[in-house]
Amino acid sequence: MRLTVVDLSVRYRGHAALDAVALEARGGEVLALIGPNGAGKSSLLRAVAGLQRHGGTVRIDGATTGPVGFLPQDHGARAALTVMETVLLGRRRALGWRVPEAELARAADALRRLGIAKLAGRLLGELSGGQRQMVMLAQVLAAEPAVLLLDEPTSALDIRHVLSLLTLVRELTAASGLVTLVAIHDLNAAARFADRVALLKDGRLLAEGAPREVLTEARIAEAYGVAAHVHAAPDGHVAISPCRAID
């Protein structure tokens, strides 16, 4: 499966949020979208999800199962729903007034895979921000998407849950052949968990490729205005240590 974006452009009141961006994302690989605030990462995800008017084309070839699953930064979770009810909303296309046992099992499996099965009977309003983020990801996964779009999925998570969530996303992507795009600010997490990264700035694509090829000191300085030391972590992954802002 392959997601192809050609000349993707998004404008807000005359401002170009994305300008002629072209990239490909392949099934079974995680593509991380990185770049400073306002680079166009969220606009790109919303355009691919069909939620944002855009120029250019978005094409998904070879999709065999499921819709596009999109987890936005602001998911508008309803505090009056239980966790299980929230996850079942991800299956609303398949449900009538009664919920079959198979659908309950599917929702429970999504919660189990994320390690939050014990929260099933809790109200969303009782949960922490990080727990709600995990619940909303379970909702997206319960729909069994062919394309998975995650906009800052780790922003409310502690370091342990960041590692757990990104490990799970990588494993599910590889096992199910998903096309997965993740917008993320943590460059070290992107370097560790993404197969490829796409670096955006001011709505344009600066570079795309393997983390080691894209996350160089020169490109980090160009995109972020930050002097950084790029080196190899003990396990061989690229590691980025920011040093100072460049005036």
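**The cavity and the sheet**

Author: Strand E3 (29-34), helix H5 (159-176) and helix H6 (187-193) each give at least two residues to the lining of the largest cavity; helices (H or I, at least four residues) and strands (E, at least two) are DSSP runs, numbered from the N terminus. This is a predicted model, where local features need pLDDT of at least 70, side-chain atom pairs count only at pLDDT 80 or more, and totals for chains, interfaces and linings use all residues. Residues are numbered from 1 along each chain as its sequence is written, and side-chain values use heavy atoms, with hydrogens and water left out.

Reader: Which charged residue is in the lining of the largest cavity?

Author: Lining residues have an atom within 4 Å of a cavity point, on a 1 Å grid over the protein atoms alone where a 1.4 Å probe fits but cannot get out. By class, the lining has ten nonpolar, no polar and one charged residues, with Asp, Glu, Lys and Arg counting as charged. Among the lining residues are Val30, Leu166 and Phe193, and the charged one is Arg170.

Reader: Which strands stand at the edges of the sheet, and why is one side of each left without a neighbour?

Author: The open sheet has six strands in the order E5-E6-E7-E3-E8-E9, with mixed pairing; two strands pair if DSSP finds at least two bridges between them. Each edge strand has a single partner strand, so one side is left without a neighbour in the sheet; the two are E5 (68-71) and E9 (204-209).

Reader: Which residue in E7 does Leu31 stand opposite?

Author: Five bridges join E3 to strand E7 (residues 179-183), and the two run parallel. Opposite Leu31 stands Leu181.

Terms used: On a 1 Å grid over the protein atoms alone, a cavity is a set of points where a 1.4 Å probe fits but cannot get out, and a pocket is an open set with protein on both sides within 12 Å along at least five of seven lines; lining residues have an atom within 4 Å of a point.
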